[in-house]
Protein chains: 2
Amino acid sequence: MRASQTLLATLRETPADAEVISHQLMLRAGMIRKLASGLYNWLPLGNRVLKKVERIIREEMDRAGALEVLMPVTQPIELWEETGRAVQYGPELLRFSDRHGRPFVLGPTHEEVITDLARNELQSYKQLPVNFYQVQTKFRDEIRPRFGVMRSREFIMKDAYSFHIDHASLEQTYQVMFDTYCRIFTRLGLNFRPVQADTGSIGGTGSHEFHVLADSGEDDIAFSDTSDYAANVEMAEALAPSQARAAASQARQSVATPTQTLCEEVAELLGVTLTQVVKSVAVVAPVPVDADTLKANPKALPGQRFFLLLLRADHELNEIKASKLDGLKDMRLATSEEIQAALSCVPGFIGPVGVSADVTVIADRTAAAMSDFICGANRVGEHLSGVNFGRDLPEPIVADIRNVVAGDPSPCGKGTLAIKRGIEVGHIFQLGQKYSAALGASVLGEGGKPQVMTMGCYGIGVTRAVASAIEQNYDDKGIIWPDAIAPYQIALVPMNWQKSQRIQTEATALYEQLKAAGYDVLLDDRNERPGVKFSDMELIGIPHRLVMGEKGLDAGTIEYKGRRDTESRDIALDELMAFLGESVKA
Amino acid sequence: MRASQTLLATLRETPADAEVISHQLMLRAGMIRKLASGLYNWLPLGNRVLKKVERIIREEMDRAGALEVLMPVTQPIELWEETGRAVQYGPELLRFSDRHGRPFVLGPTHEEVITDLARNELQSYKQLPVNFYQVQTKFRDEIRPRFGVMRSREFIMKDAYSFHIDHASLEQTYQVMFDTYCRIFTRLGLNFRPVQADTGSIGGTGSHEFHVLADSGEDDIAFSDTSDYAANVEMAEALAPSQARAAASQARQSVATPTQTLCEEVAELLGVTLTQVVKSVAVVAPVPVDADTLKANPKALPGQRFFLLLLRADHELNEIKASKLDGLKDMRLATSEEIQAALSCVPGFIGPVGVSADVTVIADRTAAAMSDFICGANRVGEHLSGVNFGRDLPEPIVADIRNVVAGDPSPCGKGTLAIKRGIEVGHIFQLGQKYSAALGASVLGEGGKPQVMTMGCYGIGVTRAVASAIEQNYDDKGIIWPDAIAPYQIALVPMNWQKSQRIQTEATALYEQLKAAGYDVLLDDRNERPGVKFSDMELIGIPHRLVMGEKGLDAGTIEYKGRRDTESRDIALDELMAFLGESVKA
């Protein structure tokens, strides 16, 4: 492409309302323009990147045997009522009515539509497994769209949905998709990690998120420093300390802490570190009415149970982990009144010593391994020191109920954990039968009986992937595209183009030669100063730059500079094609 | 692709609610499935065709120097208010509000968005001309969606918008787009005609529709039988007869037509053909109040003027042509009361003889060349025969006010007109400044002064083009795809696949060889009878079929049948690749 024939809408100033670097650089490089809150036009330069990302995704999905389809953006709400998500999805699900008053939604995802299609089109286990995918526009009515295309309202997803006769088949396809996603993100040139994710409320059985590592990420990812292990911080298991609990060496004492209600304040007052203090988190969880009680009294109301969750004071409670423990389903923090009723004390001074049998004490694995620790005394203005399990209070129930921290041993058994921030660009999920059961999507099994299909789903945020590539690859001059998704791989900048017939002839010949060799080349034939051209090419992030000048031509050379290079270098013209063959990645 | 690995969802029965052949065959071949009224899922087979059509369109738009962009499906209604189309567009414009109550539309087209983008991004005439295009989902809330994807609510358009400093530049790009559209539809393998179209209410200055010729088309297209001339029937000029009016030879007579109110009845009664009868169409048009009158009486109401439009009785009035004549703007048919008041007669017996000076008589060119004709007498139960202009009534105003008919001389001067039906799949349009003026889209001109840009727009109905290809290419067995857009170019059907190891080996080897040579091949490895496989391959319209059997292998041959062939023939295996190279079009 000749620069004079396209729209290079670069901006010198950083737009005021762009918070993250990818948003700033996409605006400055002329990749996108805002149409309205959370709605963006993709300009020619941005669209080129988008289409390259889409092409790589399609090639790899096809290679994996997935079948491309296209489902409408607009969906009848009836399907969402069948699965219950018309209510569950909340206000991000945009609803509207057509001219006849029939209700529709703008699809934020397509589980309902594909499962409806599958229940109509698939009749036999012989047609399974099958994996359908599409690259389609989605709409999610974010309350506060931000970060440009990273969290926009209208966006492009690659979503795929697989159907299986049983869970074993799902696991096979899940593994194929795991490998395919690794191939895709590798080909996109991204530094990414697949991480174990919580299956949350969707209720499936297995899930991985694919995160692009970048400081601006919204998620914390825990990694082993020696193995492939990676997980969302919420998901990573916190192992018990390798060393057993030390024996008690101190007598229990009461210490006055008149105004010290925070662990940090207590530690400071006593001149100890937080690792010697135990934090007690009071929570309550509902106790369902059992069958016998209900028989005797049909109007019996569910009760509730009071828990003290013990953590080393520098650790954080992981509510997802805690909620999965027996009796803690649907738990919540206790109110001051509930604390007063259970412990006869106010928050800030509570602890596990001497509590009644109605209070269940659960200690995190690390807290359970502490001895001679400090905790609240259940009396206002007072803490206890030198406390020991088994002596001053019963041995607690022990469980993993905290977030991992950097330096924890990796749960895979190898190495220790580091924590980095990541941007979620992909998510694969073993859905199980949630949607197929709700919509009655069955096929005839081998025995001739109807059998509800098992499903997987696999998403990539296509527009978000573009932004994430920038978050990971930029410098103070602008974007640094991975070769595979750069809008142009090579910028050819001729010096003195307007005046030199020789340069025009030679640069045009080289431009045609590079194009014929299959490269995406931007020939900067604009009537601009070299400085403007150089800074534009750097801002828009073209990974390879060639500068043609008359002196070089005389010497039979051309100047080359990789976008990450600090210095340029001269390449002999007759070696240029071989050099580029080595330097430019497909 | 192996047939066992994709979704071949063919149906034996013709779905009851599919009215046109393309809709029937797209359902039967398993290309699409209805999700809701006017909303369709594209199954793998249909999606393959869709993506091939999109790719050809993109290649040709890129070749023409157009720049691909992507604009949101959802658009803020404010832009539509700026151009006045929020009101004008009517109920096909789907409106909705987001969670904050802000009003949006689902874009049926993108003139507003692109013009808004252009007013922000284009500053100078030096950046012009520029032509932006996208391939994007559109939504039009049709009151009665029908014919499958031919007239659906959600559909895919390729829409392009060009910006120019003046009309001369627009005309250049318009010509490039005209040529590009011819290339696109030729590559798609369609029998099409570009036809002159009425610019209608959009108010531009030049317009062509691209029609795929098919009996099921909704538009009548007039063609020259010897030249390239083609126009919408409404647009084609009806020339004056080549022979001058004959001299009067009959005396005028009154004839009794007691119950004959229709021209056909009068002609039958008098034993003449319709070509001797003149039909008088009574219309009225408003007369604006002139400035002087308005000065004297600011409350003066517009008046109206009464016209008799004369046509040879076998011709039809063309209201678009008539409305463009002086005084006939916003004309409508006169009511019985208005006819009574102007002519003192009831409809069915009216005519141009002896009318008052308040009645303006305009004759179509053909009617004006008639002599000794028959017309109404303006007396109930009576017509006149032997009527002649200049003798029995004044010479009328003469104008082209009728639709052309087959056999008319072509307005291009060469040949005579034929009329066929067409499906509109493309439309190119010289918009002028309608949108750029409304939205204030200006650039600095050569003299440094702001200048409103001139625009063109260029659309192709992508999903509709797929259906139109079927309307033009089918037989009683199913679809017959043009090679370039067939879901697969070659069907390879091995006989006895399940049982013969030799066939499996040889067919798989040939399948791989064909794929390696760049062909899209469907290997029918399903456990089905040959008859089922043959009829499926014919129904889904694969243009080239190879049948491999053991007898053929023994003889070193394979059976080939083109989808339009009546007989199959044996091709020597060692000549197969050369044969396909000749037969399969890229």
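Reader: Why is Asn378(A) called buried?

Author: This is a predicted model, and the value is computed from it. Asn378(A) has a relative accessible area of 13%. Buried means under 20%. The value falls under that cut-off, so Asn378(A) is buried.

Reader: Where does Asn378(A) lie, and what is its phi?

Author: Asn378(A) sits in strand β18 of chain A, residues 373-379. Its phi is near 60 degrees, a positive value in a residue other than glycine. Most residues other than glycine have a negative phi.

Reader: What makes Glu121(A) count as buried or exposed?

Author: Its relative accessibility is 12%. The cut-off for buried is under 20%. Glu121(A) therefore counts as buried. Glu121(A) belongs to helix α5 of chain A, residues 111-121.

Reader: Why is Asp215(B) called exposed?

Author: Asp215(B) has a relative accessible area of 76%. Exposed means over 50%. The value is over the cut-off, so Asp215(B) is exposed. Asp215(B) is in the loop between β10 (206-213) and β11 (219-224) of chain B.

Reader: What about Asp330(B): buried or exposed?

Author: Asp330(B) has 57% relative accessibility. That is over 50%, so Asp330(B) counts as exposed. Asp330(B) lies in the loop between α9 (319-323) and β16 (332-333) of chain B. Asp330(B) also has a positive phi of about 60 degrees, although it is not a glycine.

Reader: Why do you say the buried residues of α14(B) line one face?

Author: The buried residues are Ile503(B), Ala507(B), Leu510(B), Tyr511(B) and Leu514(B). Seen down the axis of α14(B), the buried residues fall within an arc of 105 degrees, so they line one face of the helix. An α-helix has 3.6 residues a turn, so residues three or four places apart point the same way. On the other side of α14(B), Gln501(B) and Ala516(B) are exposed.

Reader: What do the buried residues of α14(B) pack against?

Author: Their partners in chain B include strands β27 (490-494) and β28 (521-523), and helices α16 (550-555) and α17 (576-583). Just after α14(B), Gly518(B) takes a positive phi of about 95 degrees.

Reader: Why is helix α1 of chain B called largely enclosed?

Author: Count its buried residues. Seven of the eight residues of α1(B), 21-28, are buried, so the helix is largely enclosed by the rest of the structure. Among the buried ones are His23(B), Leu25(B) and Arg28(B). The buried residues pack against elements of chain B, including β1 (32-36), α13 (462-472) and α15 (530-539). Just after α1(B), Gly30(B) takes a positive phi of about 75 degrees.

Reader: What kind of peptide bond joins Leu128(A) and Pro129(A)?

Author: A cis peptide bond, with omega about -5 degrees. Most peptide bonds are trans. Pro129(A) is in the loop between α5 and β7 (130-139) of chain A. In chain B, a cis peptide bond joins Leu128(B) and Pro129(B), with omega about -5 degrees.

Notes:
Residues are numbered from 1 along each chain as its sequence is written. Chains are lettered from A and ligands numbered from 1 in the order in which they are written. This is a predicted model: local features need pLDDT of at least 70, side-chain atom pairs count only at pLDDT 80 or more; totals for chains, interfaces and linings use all residues. Side-chain values use heavy atoms; hydrogens and water are left out. Helices (H or I, at least four residues) and strands (E, at least two) are DSSP runs, numbered from the N terminus. Buried means under 20% relative accessible area, exposed over 50%, partly exposed in between (1.4 Å probe, protein chains only). The arc is that of the directions from the helix axis to the C-beta atoms. Contact means heavy atoms within 4.5 Å.
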